[in-house]
Amino acid sequence: MKFLITGCVGFIGFSIAHKLLSKKNNLVIGVDVISDYYSKSLKNKRLVVLRKNKNFTFLKKDLSKKKNVDEVFSKYKFDKIIHLAAQPGVRRSIKYPQEYYDSNISSFFNILECSRRYKSKQIFFASSSSVYGDNKTFPLKETFLKNPKNFYALSKCINEDMAKYYCENFKMKIIGLRFFTVYGPYGRPDMLIWKMCENIHNNKTLKINNFGKHERDFTYIDDAVEMVEKLLLKKNLNKFQVFNICSNNPTKLSKILKIFSKLRKNKKNKFIVYQEFQSGDVLKTHGSNTKILNVIKKYKRTKIEDGILKTFNWFKNHY
Ligand SMILES: NC(=O)c1ccc[n+]([C@@H]2O[C@H](COP(=O)([O-])OP(=O)(O)OC[C@H]3O[C@@H](n4cnc5c(N)ncnc54)[C@H](O)[C@@H]3O)[C@@H](O)[C@H]2O)c1
């Protein structure tokens, strides 16, 4: 099968590309602008790993430019498109909405338009748990109303509405993936689990928002990849729908801190300081996995203690 993976040197894009390339009949065309939102050297490390596979082709392109997307679609024909390229980060989106408009809304519009014109068979795209906003009813189900609290979340809500429109009006097959706080090896330096690894490894102090009272449905990368891979193989996903990609098991930040504190060798330094709630944040995420389980039947659910240990061990070996 031939896949287009956008955002292929990002955390999730890299992990999915790597998994798909482990099957010998798969070809992956990866596109990424290699943005400088976080370490380009980490993105280049991921690219080095992917380039070891002869079935991988990399195209460095900014997808917010229509011409670039046209070039990709006029050259290749894809069985499945996995659109993960985006500008992430909820708090940053309040200050710099233009970046989110370009990378999240315009880029997806270009992908949809080209997919329509070139008659692509199926698109999977990254949405986010942030579309639920600060809900009070848990677990969060795909049927709940969307309630974005920042421009990033809004950009994902708009993506979902665009996808629904294209499905309904042009009979396209599009599936939205609402990822919930994905973490693991080759993860994202702007996210908590990476920051904790970095701080413990380098004996630094980390600021924890909202006095550690947040709760997140942390999802280990291998579990997220397995869920996406199983959805990719389903033949009857014809109408537009979204799926939570979650562990259905929220963890308090205070528990994460306890797990990390056991991994600390040097216990003399203060490794966290608490600070107030930051605007744009949501207090709790907890996704329901009932809908995805109905379709894929089962997936491995890595315990948070095991996932953190694997991530920390990877971090020590690479930094
Ligand atoms: N990691 C998570 O926990 C999480 C949670 C919810 C949603 N998501 C979504 O999943 C997707 C993948 O997330 P990730 O964690 O791998 O993020 P990431 O930042 O690691 O990867 C995104 C990639 O997209 C690329 N990109 C950005 N703008 C681009 C553009 N205009 N043209 C081409 N490439 C561009 C970046 O260079 C980056 O490599 C994103 O859409 C993100 O919003 C992730």
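1. Let's begin with Leu-140, which sits in the loop between β5 and α6 (151-170). Please keep in mind that this is a predicted model. Leu-140 counts as buried because it has 24 C-beta neighbours inside 10 Å, and the cut-off for buried is 20 or more.

2. What surrounds Leu-140, once its neighbours within four places in sequence are left aside? The contacts are Tyr-132, Asn-135, Asn-244, Thr-285, His-286, Gly-287 and Ser-288. Gly-287 is worth a look in your viewer: its C-alpha lies 4.6 Å from that of Leu-140, although 147 residues separate the two in sequence.

3. Moving on to helix α7 (residues 192-202), its buried residues are Leu-192, Ile-193, Trp-194, Met-196, Cys-197 and Ile-200. An α-helix has 3.6 residues a turn, so residues three or four places apart point the same way. The cover over the buried residues of α7 includes β7 (182-183), β8 (206-208), α9 (253-263) and α11 (304-318).

4. Now to the ligand. There are 29 residues around it, and those that come nearest are Gly-7, Gly-10, Ala-86, Ala-126 and Phe-179. By class, the shell holds 14 nonpolar, 11 polar and 4 charged residues.

5. Which element gives the most to this shell? That is α1, with 3 residues. At least two shell residues each come from α1 (11-21), α5 (97-117) and β5 (123-128).

Methods
Residues are numbered from 1 along each chain as its sequence is written. This is a predicted model: local features need pLDDT of at least 70, side-chain atom pairs count only at pLDDT 80 or more; totals for chains, interfaces and linings use all residues. A residue is near a molecule or strand if its C-beta atom, placed from the backbone, lies within 6 Å of it. Helices (H or I, at least four residues) and strands (E, at least two) are DSSP runs, numbered from the N terminus. Ala, Val, Leu, Ile, Met, Phe, Trp, Tyr, Cys and Pro count as nonpolar, Asp, Glu, Lys and Arg as charged, and the others, Gly among them, as polar. A residue is buried if 20 or more other C-beta atoms lie within 10 Å of its own, exposed if 12 or fewer, and partly exposed in between; C-beta atoms are placed from the backbone. Two residues are in contact if their C-beta atoms, placed from the backbone, lie within 7 Å.
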